[in-house]
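Colleague: Could you take me through the helix packing in this model? I would like to know how each value was reached.

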Amino acid sequence: MTLSQLLLKIQVNKSVDFGEIFSEAINLFQKVWLQGLLLQLLVILVSYGVSMIMYIPMMASVFVLSDLEPDEQGVVSIIVGVLFFALYIIIIALLTTFSFGLQAAFFRIVRMKERNIATQQGVNFGMFFKKKYLKKVFILAMAQIGISILAIMLCVLPIFYVIIPLQFASIIFAFHPEFSVNDIYKAAFQIGNKKWGVSFGLLLVSGVLAIIIGFLACVIGIYATLSFAYLPAYLIYKEVVGFYEDEDAIAKIGS
């Protein structure tokens, strides 16, 4: 599917039913909860690992500063602070990139499970961290950070608007990784504009429900239920744009 075809489907503005999407999300979650749990565990493990990058030099700086004279500590503290700020930015960039790539892969796995395909070559959580996609994943992740910061700077409230298009960005990239970064966000904001109300409502309800059920399941269960909040946006994309794996495969054979 080309970008123009995708945008045309969004412009048609096919209606989606809140209750139907929510019901489908519950049914789909029963198929993919294990993959959703693995997604959360991978994010947690990498977050702890990357955080250690900052923790180790932080502890080292404490010992260095304690050995300095009082008049030297001020200048060195400023230098250390600047270095830690730069390191913090790098860590945020790495974590956002990793999270974006994992979420995109999760949506591909969800599609595979929805079609009752046991295995599919190349579809796994590491599929978008290959050299072919890594640069684009990084740029998309940085764009998400930039858009979020800009929204927060504009009196915070706009973040509630952009959170929906940003969620669709990872879905569009997952199924159209050949699109440029600009094309992905153009399509994401277009579908986000058309379906903002129902998308935000479903995100809010599914997120709250996932947290409540997770806490009831001895708190740790929240890691297994959080992925439920990702599914409504996936199903909205499915209803509005759709999937055409079989048609695309036939077209490739014909070409």
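Colleague: What should helix 5 span at 1.5 Å a residue, and how far apart are its end C-alpha atoms?

Modeller: This is a predicted model, in which local features need pLDDT of at least 70, side-chain atom pairs count only at pLDDT 80 or more, and totals for chains, interfaces and linings use all residues. Residues are numbered from 1 along each chain as its sequence is written, and side-chain values use heavy atoms, without hydrogens and water. Helices are DSSP runs (H or I, at least four residues), numbered from the N terminus. The expected span is 1.5 Å times one less than the number of residues, so the 18 residues of helix 5 (residues 158-175) should span 26 Å, which agrees with end C-alpha atoms 27 Å apart.

Colleague: How many residues of helix 5 are buried?

Modeller: Buried means under 20% relative accessible area with a 1.4 Å probe, protein chains only. Helix 5 is mostly covered, and its buried residues number 13 of 18.

Colleague: How are helix 4 and helix 5 oriented to each other?

Modeller: Axes are lines fitted to C-alpha atoms over the stretch in contact, and angles run from 0 to 180 degrees between N-to-C directions. The axes of helix 4 (residues 131-153) and helix 5 cross at roughly 170° and come within 9 Å. Angles over 145 degrees count as roughly antiparallel, so the two helices are roughly antiparallel.

Colleague: And how are helix 5 and helix 6 oriented to each other?

Modeller: Helix 5 and helix 6 (residues 181-194) pack at about 130°, with axes 8 Å apart. Angles under 35, over 145 or from 65 to 115 degrees have other names and the rest count as oblique, so this pair is oblique.

Conventions:
Buried < 20%, exposed > 50% of the residue type's maximum accessible area, 1.4 Å probe, protein only.
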